[in-house]
Amino acid sequence: MTYLTVVSNKPADPTEPLAYRDMSTPLGEMRLVASPKGLRGAWFTDQELLPPADGWMLTDSDPILEQARRELDEWFAGKRRTFDVALDPVGTTFQHQVWHALCALDFGVLTSYGELARTVNRPKGAQAVGGAVGRNPISIIIPCHRVIGADTSLTGFGGGLPRKQALLAHEGNRYLSRSPRARRVCDGQAELSW
């Protein structure tokens, strides 16, 4: 995937044209948003952090949105493990460091907030890392669902714990309940009937 942004401490340009489209997934509707440079956001439409579409242009013909839709469809179908769509999320330098570290995780590989903090050279910054993970604007493609508790517990997810549980199962990490205290029970690719 192309994700070159590292420093972005300034707010997004309010005059920058943004295009969006909604798509169906096995886990509910998602809204994809693109700038001319890449995918700006991918949220489930019932997520609390979904920004309003004010000023965005609804379209089915944007090439970035179409590529993101196709790649997500392939991912859900089990035909893709990585993404190639260009990314253009807006965030602080620290958030970008965390999001880059998430993108470096292979399909099915999990990490904890503490491990992620060490990866971005903030060994005592697990709480700050949690804040950056929680502000991830590109669900699934920037795989924040792969962050779990140090004891393998199922931790929060902006799209809800049922979706996180399903995303982890799709990548071979099974949890028997949706409780935040649930622990991972197995590894290996799971067979899901989306």
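The charged end of Arg163 lies over the ring of Phe44, 4.1 Å from its centre; a charge sits over a ring if NZ of Lys or CZ of Arg is within 6 Å of the ring centre and within 35 degrees of the ring normal. This is a predicted model, where local features need pLDDT of at least 70, side-chain atom pairs count only at pLDDT 80 or more, and totals for chains, interfaces and linings use all residues. Residues are numbered from 1 along each chain as its sequence is written, and side-chain values use heavy atoms, with hydrogens and water left out.

User: Which ring does the charged end of Arg122 sit over?

Analyst: Here the charged end is 4.3 Å from the ring centre. The ring belongs to Phe94.

User: In what order do the four strands of the open sheet run?

Analyst: Strands here are DSSP runs (E, at least two residues; helices are H or I, at least four), numbered from the N terminus. Two of them pair if DSSP finds at least two bridges between them. The edge strands are β3 (39-44) and β4 (57-58), each pairing on one side only. With mixed pairing, the order is β3-β2-β1-β4.

User: Which residue in β2 is the bridge partner of Arg21?

Analyst: β1 and β2 are antiparallel, paired over five bridges. They form a hairpin with six residues between them, and Gly28 in the turn has a positive phi of about 120°. Across in β2, the partner of Arg21 is Leu32.

User: And what stands opposite Tyr20 in β4?

Analyst: β1 and β4 run parallel, joined by two bridges. Opposite Tyr20 you'll find Leu58.

User: Why is the pair of Trp75 and Phe107 edge-to-face?

Analyst: Rings of Phe, Tyr and Trp (its six-membered ring) pair if their centres lie within 6.5 Å; planes under 30 degrees apart count as stacked, over 60 as edge-to-face and the rest as tilted. The centres of Trp75 and Phe107 are 6.4 Å apart, and the pair is edge-to-face because the planes are at 65°.
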